[in-house]
Every structure is written in structure tokens, then in C-alpha cells.
Amino acid sequence: MPSFATSPGTRDILAPDSARWRRFQQVFADVVETAGFGHIIPPMFEDLGVFLRVGESTEIVTKEMYDFEDKGGRRVALRPEQTASVCRAFVEHRPVTPWKVWYAGPNFRYEKPQQGRYRQFDQVGVEVLGVDDPQLDAEVIALGMEFYRRLGLTKVRLSLNSLGDSGDRDRYASALRTHFSSNIDALSAESRATLERNPLRVLDSKRAEDAQLIAASPRMADHLSPAAEEHFLQVQTSLRAAGVTFHVDDRLVRGLDYYRRTTFEFVSESLTAAHTAIGGGGRYDGLVADLGGPDTPGIGFALGLDRTLLACDAEGVFGAPQSRVDVFVVDATGGSEAGVICTELRTVGIGADRAYERRSMKAQMKSADRSGAPVCIIVGDDERNANTAILRTMEGGSQHIVQRDDLVAQVRRALGR
Ligand code: HAM
């Protein structure tokens, strides 16, 4: 018989990690819903054309898309991110602006899997459509930082840049092309190929041979239009007013083509692996129009759940939640008592679990230990005949006899509820 394992770049998330994932999304929902964001659940696959707008020269589109023809002959793709889907939804439903939405869920990119980089990975994120105000940029960024604070993370650095309006960006790209082309022999082979597709991405090269040329390259700051520069300065002023620490990194280009003006990245200083960017975002003022909608400004971010949890591990914060089982029932009479007691406890909101298959007392006690339940109820023939049960506190191991009809009250007392 063949045996199967998960595909490369995918993982099963087992308990208690899965509970940690859920709590992560819950904390995010709490933070953003109190700031007026509504939940959107876009589909996991869409017309390929939606995602091509992410940028035809990006690797996400050219190399990493899970696209295929469905049985109806439609060209579709698993979403590599959710910003494009949100903009498509905006065009489709035409909601009142400002439209503030948040999302959580998996995305798919055919990348080379490694620690912190998966082919199926989860994000939480927000998008705001219809507002062109630098105060909003600062507020969105501050929300991201607030979420990290709620998780307990303290070593998250914020990098900020402006890519200018589309005209600025094009002028800058052409200045970079001229700079790198006139020194083409000094550039690595990989960066030469990148230069063909997208000169901005050459700035992302971490190769030692490219470092000198990159350091000497023209700067985005010198190519900003007065309006874009003013917007950027106001974002910085608002961030300072909100008490958000940042550093301007004018080499920050990001991996998607739709960005205009404000761009940012959240970087974990506690991660040492290659993938220290735990979140990122920016303005994408042309994307809605690109998808056939009216000219509409937009800004948002997405935070990588998988990577952020690695950062939590590194900082020793936001651990897996405790077991939800409060009581483990050990039944030496055959099992039916355990069934009755579990139902009684669960009905009043007390988590309860038990063993099956008439396991030995020793095996059941082992399961009780493993369950993480702070309280154990033990019933043998003597207890059943006397209408009693033994209540054992797992930590410390003290135990006493309780009356069967007083069991729930006694359990509550032992749990401190
Ligand atoms: P992104 O930078 O491609 O932006 O992804 C955001 C975050 O998702 C990254 O910082 C990283 O933490 C996580 N991530 C990306 N790829 C992987 C992967 N293969 N494995 C694990 N984690 C990964 C976007 O997706 C934009 N949609 C963000 C945005 C929203 N911009 C405006 N609004």
C-alpha cells in the first residue's frame, strides 16, 4: 500500500499549535475590529487575471503561481496573497468608502521550502480602500505594531519607504537601469537577469558582489515628486505623533509591483534565518483601477502567521494555550460511569475527557496525566456502590472522596470557579 506524507512546503498543524493559530487570529480580530475593520473571506482561488495584477515582472507571478485550467476551461489560480482579491471584491460589490476589511487564511506560492518559507502559508491582514490621507497610512502601520505588542513581541523593527507615484517609480526604475547597465560587468549573473525584468528588485540582492554597486546606486528619495515627498513626510510626522518608532530604508522595494508611495516592512530582530520579514504592506493606489474599477486609493498590510509564530518562539512569548480539558474521568467499572460524568460536566461548561476500551487503571491514569487536565475523577466499584467518587488534584496529587450528587460543585471548587 502506498503511504503518503504532506507535499513539500505544506504542514499539518496539530494541537496544541492549532489552538495557538486560532488564538493568533482571534487576537488579530480583536485588535482590528475595535478599529472599525469588518471581516472579509475571499475565495481561495480566482481568475488568474486577478493575480496577474500583482505584477507581471514579480517572481510571485512568473514563477510561483499555482495556476491551472479547471474542468470548465477557466484559467484559475490559488491566491498567492489577498490584496488583489480584496480589490476585485471592491470592484464587484462597490461598497461605501472608506471600506475597511481584515482577513485571515492560507495563501499559496510555489517557493523553495525552508524554515519560515512554505508553499502554503497563512496571513492575517487589513486593507482600506477609498482614503488618500497620510494619517491613515500611519494608523494602519500603528495597528500592525499594536498587534505585535499584544502578542508580547518586543523585537519588531519597522522599515519605512516611499516608492513615489507611478511616474516617480518609472523614472527611478529607469535611473537604476542606467546605473546598473553602465556597470553591468560588476553585477552578479542573477542580478543581471533581475535587471532585465525589474531594476528595483536588484536592490534586494543580498549577494556580496552586488553590494558595492547597490550602495552607489541612485536613491528613491531623490526621485520623489513634491506631492509624494509631502505625503511621505506627513506619514512620518503622524507615526511620531502615535509614538511608533521606525527607520527610513530607501532600499526597501518589496516583492509586489502594485505599490505606490508608502511601503513598509515589519522585521523581527529575534529571527536569525533568512526570513526575518514577518509582515509588510503599503499603498497600492492604482490596483483597483487596474482591475477595472474606479480610481481608488488603497493601503494595507499582511502579516505572516507562520513566521510571526517563529518570532514568538524566539522571544519566548505567546506560547500554545493550555489544554481545554479541565477534568479527566478514570473509570474502573467498565466505562459507563465515565460517560455519564463527562456529559454532566460538559453540560455545565466544564471540559471533560475519558478513556475507552476498558483500559487498565494505570493506563487511564497515564492518559489523565497526558490530557493536561488539572483535576481527575476516579470511580471504582466501591465508589459506584457508595454513590461517591474520588477527586484528585493532579498537581500535588492530593485526593478526597466526594458525594456523587455533589460532584459538579466539588469540581468547580477544585478548579477555582
Ligand atoms: P508579502 O510581503 O508578499 O506581502 O507577504 C506578507 C508576509 O507574508 C511576509 O512578510 C511574510 O511574513 C509572509 N510570507 C510571504 N510569503 C511567505 C512564505 N512563502 N512562507 C511563509 N510566510 C510568507 C503581501 O502578501 C501583500 N499582500 C501585503 C499587503 C497587503 N500589501 C498591501 N496590503
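**Entry 1. Terms and model**

I take buried to mean under 20% relative accessible area, exposed to mean over 50%, and partly exposed to mean in between, with a 1.4 Å probe and protein chains only. The areas themselves come from the Shrake-Rupley method with a 1.4 Å probe, and for residues only the protein chains shown count as cover. I note that this is a predicted model, in which local features need pLDDT of at least 70 and side-chain atom pairs count only at pLDDT 80 or more, whereas totals for chains, interfaces and linings use all residues. Residues are numbered from 1 along each chain as its sequence is written, and side-chain values use heavy atoms, with hydrogens and water left out.

**Entry 2. The chain as a whole**

I looked up the secondary structure and found 16 helices and 16 strands; these are DSSP runs numbered from the N terminus (helices H or I, at least four residues; strands E, at least two). The chain is more spread out than a compact globule, because its radius of gyration is 28 Å, well over the 22 Å that the globule rule gives for 417 residues. That radius is taken over C-alpha atoms, and the rule is 2.2 Å times the number of residues to the power 0.38. The C-alpha trace spans about 90 × 55 × 45 Å along its principal axes. I also recorded that buried residues make up 50% of the 417 residues.

**Entry 3. Backbone details**

I found a cis peptide bond from Ala 15 to Pro 16, with omega near 5°; Pro 16 belongs to the segment before helix 1 (17-33). Another cis bond runs from Thr 97 to Pro 98, with omega near -5°. Pro 98 sits in the loop between helix 4 (83-93) and strand 5 (99-108).

I then turned to the loop between strand 13 (352-354) and helix 14, where Glu 357 is placed. Glu 357 has a positive phi near 60° although it is not a glycine, and it is exposed at 69%. Arg 358, in the loop between strand 13 and helix 14, has a positive phi near 50°. Its relative accessibility is 69%, so I count Arg 358 as exposed.

**Entry 4. A positive patch**

Arg 359, Lys 362, Lys 366 and Arg 370 form a positive surface patch. Patch members have over 30% relative accessible area and no salt bridge, with like charges joined within 9 Å. Lys 362 lies in helix 14 (residues 361-371) and is exposed at 71%.

**Entry 5. Salt bridges**

I counted a salt bridge where a side-chain nitrogen of Lys or Arg is within 4 Å of a carboxyl oxygen of Asp or Glu. The structure holds 28 of them.

Arg 11 pairs with Asp 306, the closest N and O atoms being 2.2 Å apart. Arg 11 lies in the segment before helix 1 and Asp 306 in helix 12 (residues 305-315), so the pair ties together parts 295 residues apart in sequence. Arg 11 is partly exposed at 37%, whereas Asp 306 is buried at 7%.

Arg 88 and Glu 46 meet in a salt bridge at 2.7 Å, N to O. This pair ties helix 4 to strand 2 (residues 45-47), parts 42 residues apart in sequence. Both Arg 88 and Glu 46 are buried.

Which residue forms a salt bridge with Arg 150? The partner is Glu 146, with 2.9 Å between the closest N and O atoms. Arg 150 and Glu 146 are four residues apart in helix 5 (residues 134-151), which means a separation of about one helical turn.

Definitions and conventions: Patch = residues over 30% accessible without salt bridge, like charges linked within 9 Å, V, L, I, M, F, W, Y side chains within 5 Å. Lys, Arg positive; Asp, Glu negative; His and termini not counted. Charge placed at Lys NZ, Arg CZ, Asp CG, Glu CD.
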